[in-house]
Amino acid sequence: MIEVRSVTKRFGKRSRSVEVLHDIDFSVGTGQIAAVIGQSGAGKTTLSRIISLLERPSEGRILLDGTDVSGLSERRLRDQRRAIGTIFQASSLLARRTATENVSLPLEFAGVGRSERRARVEELLERVGLSDKADLYPRQLSGGQRQRVGIARSLALAPKVLVSDEATSGLDPNTTRSILALLRELRDDLGLTIVLITHEMDVVRQVADVVTVLDAGRVVESGPVIELLRDPHSELGVGLLPDRSHITAEDRDVLWHVTYGSDTVPTNWIELLGKATGRSIGVLSGTVESVGGRPAGRVTISVAGEHPSVGELLSSWGLHGTRVDDDASARATEEAAA
Ligand SMILES: Nc1ncnc2c1ncn2[C@@H]1O[C@H](COP(=O)(O)OP(=O)(O)OP(=O)(O)O)[C@@H](O)[C@H]1O
Ligand SMILES: [Mg+2]
């Protein structure tokens, strides 16, 4: 488990220092995949370097399985760093070394003997699906394959935590998907805790259990992805399941934004709502997806005419309903989402 506790980071001399991270707090449970998302300049790389123990926080602490690792002496820090594997961008492979030699590097530095090294590297390359590319140089590999070599290298010293800074940026969607699938597999097989630094919403959607949104060095949202998806006020939730509505409702219709709030929402809730209210129900837009095997969705419905118990009925089925009060605001919401 990693805990980031009140981490602040300033660069530069005291009088002219710039605060890049302000009081960051979040934690990632053992075996969880966390995404840290944010725009360029938000402070993601700085945070990833602090979590990887390559940089010290100006204030605050990093706890690894309950132990404060941020204030250690250089020598003790070196030992702790082995517990944290870092996947840098693909370009960080050494061009004059083969895939095997690149993966072998951390083992050489750690003083692992030749035959043990060879066995370990073979196993790592097999794990990332590159046994047949072992003797190729980085320039002979595709972007996705290079990234797999980087992942194998980061696993060389059997870390507990893997931190990746934009490991999938610049890869096409299919390659991204296969890299994310590999990371998920590694988490499942090795019980790794993984922190993915990214600016891509797709990464969050595809693999993250928990997510932290950074904006200008501050945490603006943080929590389990499924909960943010189900929170009608979460901006990230809206971003993950955008509600693209182009249909305008009839004048007498009352619009409701509905989000899924539990695992037990009856699949035919729209039909049930129609029966219970005796009104006809229209679906103006909506996305319902399975996120980590659990249903999540955002749907905009219209109810023909006023009815007093729509909100109650929705919550009795595990849904959150927010009434969109007048047509002007409904249209504004739809335009913003379009
Ligand atoms: N060593 C440094 N000295 C001074 N300022 C720095 C240093 N490292 C980063 N910064 C500043 O910290 C801010 C955040 O940078 P960071 O690289 O963490 O952003 P990022 O979220 O990773 O952005 P991107 O998505 O573009 O990679 C930037 O304004 C940057 O200029
Ligand atoms: Mg960065």
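Which residue in strand 2 does F11 stand opposite? I started my notebook with that one, and found V18 across from F11. A reminder to myself before going on: this is a predicted model.

**Entry 1**

Four of them make an open sheet, ordered 2-1-4-5, with antiparallel pairing. I noted strand 2 (18-28) and strand 5 (67-68) as the edge strands, each pairing on one side only.

Then I went through the pairs. Strand 1 (residues 2-11) is joined to strand 2 by seven bridges. Between strand 1 and strand 4 (residues 59-64) I have five bridges, again with an antiparallel run. Here E3 has L63 of strand 4 as its bridge partner. L63 also stands opposite D68 in strand 5, and strands 4 and 5 are held by two bridges.

I stopped at the hairpin of strands 4 and 5, where two residues lie between the strands.

**Entry 1: ligand 1**

What surrounds ligand 1? I listed F11, V20, Q39, S40, G41, A42, G43, K44, T45 and T46. By class, the shell holds three nonpolar residues, six polar and one charged. Helix 1 (residues 44-51) gives the most to it, with three residues.

I then looked up the contacts made by oxygen atoms of the ligand:

- G41 places a backbone N or O atom 2.8 Å from a ligand oxygen.
- K44 has a side-chain N or O atom 2.7 Å from one.
- T45 brings a polar side-chain atom to 2.8 Å from an oxygen of the ligand.

How much of ligand 1 does the protein cover? I wrote down 54% of the 630 Å² of accessible area that the ligand has on its own.

**Entry 2: the largest pocket**

The largest pocket holds about 590 Å³. I counted 18 lining residues, with R81, R82, I84, P106 and L157 nearest the centre. Which elements give two or more residues to this lining? They are helix 2 (74-81), strand 6 (84-87), helix 3 (99-109) and helix 5 (143-154). As for the make-up of the lining, I have nine nonpolar, four polar and five charged residues.

How values were computed
Residues are numbered from 1 along each chain as its sequence is written. Chains are lettered from A and ligands numbered from 1 in the order in which they are written. This is a predicted model: local features need pLDDT of at least 70, side-chain atom pairs count only at pLDDT 80 or more; totals for chains, interfaces and linings use all residues. Side-chain values use heavy atoms; hydrogens and water are left out. A residue is near a molecule or strand if one of its heavy atoms lies within 4 Å of it. A polar contact is a pair of N or O atoms within 3.5 Å; within protein, one must be able to donate a hydrogen and the other to accept it, and residues adjacent in sequence count only if both atoms are side-chain atoms. Accessible areas come from the Shrake-Rupley method with a 1.4 Å probe; for residues, only the protein chains shown count as cover. Helices (H or I, at least four residues) and strands (E, at least two) are DSSP runs, numbered from the N terminus. Ala, Val, Leu, Ile, Met, Phe, Trp, Tyr, Cys and Pro count as nonpolar, Asp, Glu, Lys and Arg as charged, and the others, Gly among them, as polar. On a 1 Å grid over the protein atoms alone, a cavity is a set of points where a 1.4 Å probe fits but cannot get out, and a pocket is an open set with protein on both sides within 12 Å along at least five of seven lines; lining residues have an atom within 4 Å of a point. Grid points are joined across faces, edges and corners, and a volume is the space filled by probe spheres set on the points. Two strands pair if DSSP finds at least two bridges between them.
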